[in-house]
Amino acid sequence: MATEVAGAHGHDEPDHLAPYLSPEAGRGIKGWLLTLDHKRIGLMYLVSTLLAFFMGGVFALLVRLELFAPGRTIMSAEYYNRAFTLHGAIMVFLFIIPAVPGALGNFVLPIMLGTKDVAFPRLNLLSFYVYLFGATFALYSIISGSVDTGWTFYTPYSTTSNTSVVSMVLGAFILGFSSILTGLNFIVTIHKLRAPGLHWKRLPLFVWGTYATSIIQVLATPVLAITLLLLAAERTFGLGIFDPALGGDPILFQHFFWFYSHPAVYIMIVPGMAVASELFATFSRRAIFGYFAIAMSSLGLALVGFLVWGHHMYTSGQSEFATTLFAALTMLVAIPSGVKVFNWTATLYKGSIVLTTPMLYALSFLILFTIGGLTGLFVGALSVDIHLHDTYFVVAHFHYVMMGGTVMAFVGGILYWWPKMTGKLYDESLAKKGWFFVFVGFNTTFLIQFIMGSKGMPRRYYDYLPQFETYHKISTVGSWLLLVGFLLTAWALIKSIRSGEKSPPNPWGSAGFEWQGTESPPVMQNFRVTPTITRGPYDYHLCSDEELFDGFPEDAEK
Amino acid sequence: MASAHADSEHAEHAGHGDHPPYLAHHFDTPEQQFDSAKLGMWVFIVTEILMFGGLFVAYLIYKGQEPAIFIEAHNRLDWKMGSVNTIVLLFSSLTAALAVRSSQLGKKNETTMWLTITILCALAFLGIKYVEYSHKFHDGLLPGRFFTAHLPEHAHNGHVLPQRASMFFALYFMMTGLHGLHVVIGMSILGWVLVRNHRGQFSPEYFTPVEIGALYWHLVDLVWIYLFPLVYLVG
Amino acid sequence: MSDHAHAHDDGKVHAHVSSFFFLCAIFTALIGLTVITVAASRFDFGSANTIIAVLIATVKATLVATFFMHLKYDKGFHALIFIMSFVFLGVMLGLSSEDVDSRGRVDTSSTVRILERRGEQAPGGFVPDPRGVQAREHPTSGASQPAHH
Ligand code: HEM
Ligand SMILES: [Cu+2]
C-alpha cells in the first residue's frame, strides 16, 4: 500500500498555486507522465479512454457495415466474429468502466470534496499505468490473432478457440486491477479527506455515485480477476476447471463471470447517474429532489446488484430453481433505478431549466436510460427472456443503458466540466448540432433493434434472413449519423482548445462546490484557501447572486 | 462554501504549525494520514479475500460434486508438512504483530529482529512448500493434462488415483500457488519495511509502513488458516 | 477534517499497543486450535466435517483479525468491511452452489429437460423426457402448452 511520504523535493517541486495546466505546475512531458496531480491524471485518463472509445467505435462501424446487406459485405465471418468481440471487449474494459471514474472522477471528486488531492496520489498514477499496461496486452492480442469469443469469454469455446484469447484475458485481468486501485483510492478519499463542514449529508451526488461505484469495483473485480486467471490457466495448462471431460463445469464459468459482470453493469451506469444528477441540479437551478433517496439508491444498486447475476444464464442450463430465484431477485434491482428516475423528473418539475448542451445530454440520458431500464425488466422476466435471450432485443437493451445512459452522461459531463478542465469555453451551437446527430443517430441505430430482436433476429450472427434486411439497413445508417454527431462534438472541443474563449470560474452559474472557490482551470492545489463548507451542494436558495453569477475570486483580487 | 479561511489558520487548527517530513502535503495531520493508509489497506484486504474466495467457492462446489474422488486425492497430500507450515505461518504472524508493537514503542533494533524472524519464517514456509511440490511433481499429481497419477507406474500402495482426481490437483495448485505468490509479495513488502526501519525512518509517531506490511502478512496467514483444513484435512 | 469526533484532537497517531504476553497468549490459542482441527479431522463426522473445519478456522481467523490485526481497537468501519467481504463471498457461494445442487431436478410435467447434474452430460448425453420429445415432434401443439397434466 503506498503511503505517501513527502521526501525532500528538489527545485522540480511544482508550484502549488500555479494553474495546473501551466508549466510551473509540472514541466514538459515529464510533468505529465510523472505527475501525481489528480487533475492531470484525470486528463490522461480522459485522452486514453476517448482513444479507446474511438477504437471501439471503429469496430462498431465495421460490424454495422458488414450487416448492411445479407451475406458477405466487407469481411469474412471469421473477421466478423473478431470485430464484434473487439468492439465489446474494448468498449467494456478499456472505455466504459474506466471512463467516468478515471477521467471525470479523478478530476472532479477531490475538488468537490474540497481537498488537494486523492488519498493516495502515487496509487492513482499507478492505476493509470496499470491501465496502459493492460491496454497493451489487449492491443497485443488484437495484432496477434485477435479474439472471437465475444467479450464474455464463455467456456468451452474460449478454451478451445485458436485465437489469441490468453493475452486478451490477461489484459482484462490487469485492467481489473487498475479499476480496483481507483475504487480503493476514492473510498479512502471520500472517507478521510472531506473539507471541514462537508459531512455526509452534504456530499454532492456525484460523490455518492462514485462511492457506490467504488464499492462495486472493490467487491466484484477480484472475482473477475480470479475467473480470468483460471481461464488463462485452463488454456495454458489444461486445468480442466471448466472442462466437462475432466469433471469441470462450463456453467460455473458463467456464474463467476456474471458475479462480476452484473455488478459491473452498475460500475458502468452508476457513474453516469452520478454525472446526470449534477447536470439536472445545475441546469434546473434548484435543489435536487429527493437527495437522500438518490444517494441511497446508488448504494442500493451496489448491494442488490450482487444478487441477480443469474438472469444472464436463464438458458444456459442453470437449474430451473436457480433460474426462478434469480428472476424474482432481478425485479429488485429495478427499484433503485426507478427511485432515481422519479427523483430526477421531480427535479425538473418547476425548475428553471436551461437547455445548454450538457443539459440536452442529461435529458437524453433520462429518456434513454428509462427505456433501457424498462426493457431490462422485460428481459429480466424469465418467460419473456427465454424468447428474447441472445437476440437483438438484448443488444438494444444494453445499448440503451450503456450508450444511451452512460455515454450520454459521460459526454454531458465532459461538456459540463470542460470549462473547468481546460479553462476554455466551446462553441455551444456546434456542440448542440453534434448532440442532435448523436441523439437521432442513437435511436435510429438501436430502437429498431428492439423490433428486430423480438421478431427473432439472433445477436452475434454474421448473416440474416431477408425479412431482417430493412431493419439492419436502418440500423447501419443510424451508426453513420452517430459518427457524424461524435465528429461534430469532437470538432467543437478541438476548436475550443485551439481558440476557445477564456472561461470564467463558474460559467454555468452552478452552486456545486467544484465551481465555487476554484479558478478555471484550478490551481495545482485546487483551492488557494482550504474551503469550509457551510451548505449543501444544491442549496441554490442559500447562494448569493455573486456566488452564482459574478464575484469570482479573480474579480475580488482586482 | 460561503466561508473560507486562510491556509495558515487551517494548518494551525490542524497541528502545531509544523509539518513533519513524513506527512504528505495533502493531509492535515499525521493521524489523518495514518487512518487513510489503514482504511486503504483494509479495503485492499477485502479485494484479496474475494479473489481467494473465488477459488474457495470453486473448490467447495467441485468437492461437493465428487466427494469420494476428492477424499481419495486429498489423502495424497502431506498433512504433516501442512501442519508444520501452519505453525510456521502462525508464528510469523505473531512476530509480525510484535514488530508493530516494538516500532510503536520506538524500539528500532527489536523491530529489526521481529521483522527478520518473520521473513525467515516466510522463507521456511516456501522451502517446505517446495519439498511438497516436488513430491507432487514426482508422483504425477499435477493438474489437468499433466496429471499422470492414474497411470500404473504412479501407483501408490498398489492404488492409482482416478483420472478425475486431476481436478483436485488443479484446485490445489491454483490455491497454494496463488497463496505462495502472496507469501513472496508479503516477504518483499516486509523486506522493504525492514530496510526503512534500518534507515531509522520510523518512530512512535510514524510507523505506518510497519503496520501496513504486518496487516498484509496477517492476510496471508488468514488465507492459509482456511486453506489448510479445507484442502489438507477435511475428508 | 472529517473524522475528528473522538477524544484526541491533536492530530497525532494514537494506536493501541498490545502487550507482549497477550500476543503470545493469542498465538498459543491459535496453535491449540490448529491441534484441535487436525485432531478433529481424524474422526469422521460425515457431512459435518467441512462445517467443523470452517468453524474452527473462523475462530482462528477471528483471533488473528481481532488481536493481531488490531480490529478490536480499530475503527468499527474496518471490522464492518472485513465482515462484509465474507458476506459477499457467502452470496457467491450460496447462489452458485444453489444452482449446482438443484440442477437436473426437472419438473417432469414441463416439456423441457436440460442438463443433468454435471455439465458433462450436456452435449447429447442426457436422457430426454419422453414428453419432451413428443413436444418437439409436434412443435405447434407442444410449444403453446408447456404443462399438461
Ligand atoms: C433496470 C435494471 C436492469 C435489468 C433488470 C437488466 C436485466 C438484464 C437481463 C435479464 C439481461 C440478460 C438478457 C439476456 O441475455 O437474455 C441483461 C443483459 C445485459 N444488460 Fe441489463 N439490466 C438492467 C440494467 C442494465 C444496465 C444499467 C446495464 C449497463 C450499464 C446493463 C447492461 C447489460 C448488458 C451489457 C447485457 C448483455 C450482456 C451480454 O450478454 O453480453 N443492464 N440485462
Ligand atoms: Cu445483468
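1. The iron atom of ligand 1 takes a single protein donor, NE2 of H397(A), at 2.2 Å. Donors here are N, O and S atoms within 2.8 Å of the metal (3.2 Å for Na, K and Ca), and sites may look incomplete because water is not among the atoms. The iron atom is 4.4 Å from the copper ion, ligand 2. H397(A) itself belongs to helix α13 of chain A, residues 392-422. Helices (H or I, at least four residues) and strands (E, at least two) are DSSP runs, numbered from the N terminus.

2. On provenance: this is a predicted model, in which local features need pLDDT of at least 70 and side-chain atom pairs count only at pLDDT 80 or more, while totals for chains, interfaces and linings use all residues. Residues are numbered from 1 along each chain as its sequence is written, chains are lettered from A and ligands numbered from 1 in the order in which they are written, and side-chain values use heavy atoms, with hydrogens and water left out.

3. Which residues come nearest to ligand 1? Of the 23 residues around it, these are W151(A), D385(A), H389(A), H397(A) and R459(A); a residue is near a molecule or strand if one of its heavy atoms lies within 4 Å of it. Helices α8 (250-284), α10 (320-348), α11 and α13 of chain A each contribute at least two residues to this shell.

4. Some of these residues make polar contacts with the ligand. A polar contact is a pair of N or O atoms within 3.5 Å; within protein, one must be able to donate a hydrogen and the other to accept it, and residues adjacent in sequence count only if both atoms are side-chain atoms. An oxygen atom of ligand 1 lies 2.6 Å from a polar side-chain atom of H389(A). For R459(A), the distance between a side-chain N or O atom and an oxygen atom of the ligand is 2.8 Å, and for W151(A) it is 2.9 Å.

5. Over all chains there are 72 aromatic pairs, with rings of Phe, Tyr and Trp (its six-membered ring) pairing if their centres lie within 6.5 Å; planes under 30 degrees apart count as stacked, over 60 as edge-to-face and the rest as tilted. F95(A) and F410(A) are edge-to-face, because their planes stand at 65 degrees, with the centres 5.7 Å apart. This pair joins distant parts of the chain, from helix α3 (residues 77-113) to helix α13 of chain A, across 315 residues. Both F95(A) and F410(A) are buried, that is, under 20% relative accessible area, where exposed is over 50% and partly exposed in between (1.4 Å probe, protein chains only).

6. F365(A) and F369(A) are a stacked pair, 5.8 Å from centre to centre and with 5 degrees between the planes. They are about one helical turn apart, because 4 residues separate them in helix α11 (residues 357-380) of chain A. F365(A) and F369(A) are both buried.

7. R40(A) places its charged end over W32(A), 4.4 Å from the ring centre. R82(A) lies over the face of Y79(A) at 5.2 Å.

8. In chain B, H182(B) is part of helix α6, residues 166-198. Is H182(B) buried or exposed? H182(B) is buried, because its relative accessible area is 5%. Leaving out residues up to four places away in sequence, H182(B) touches E48(B), M51(B), F52(B), Y216(B) and V220(B), contact meaning heavy atoms within 4.5 Å.

Note on methods
Lys NZ or Arg CZ within 6 Å of the ring centre and 35° of its normal.
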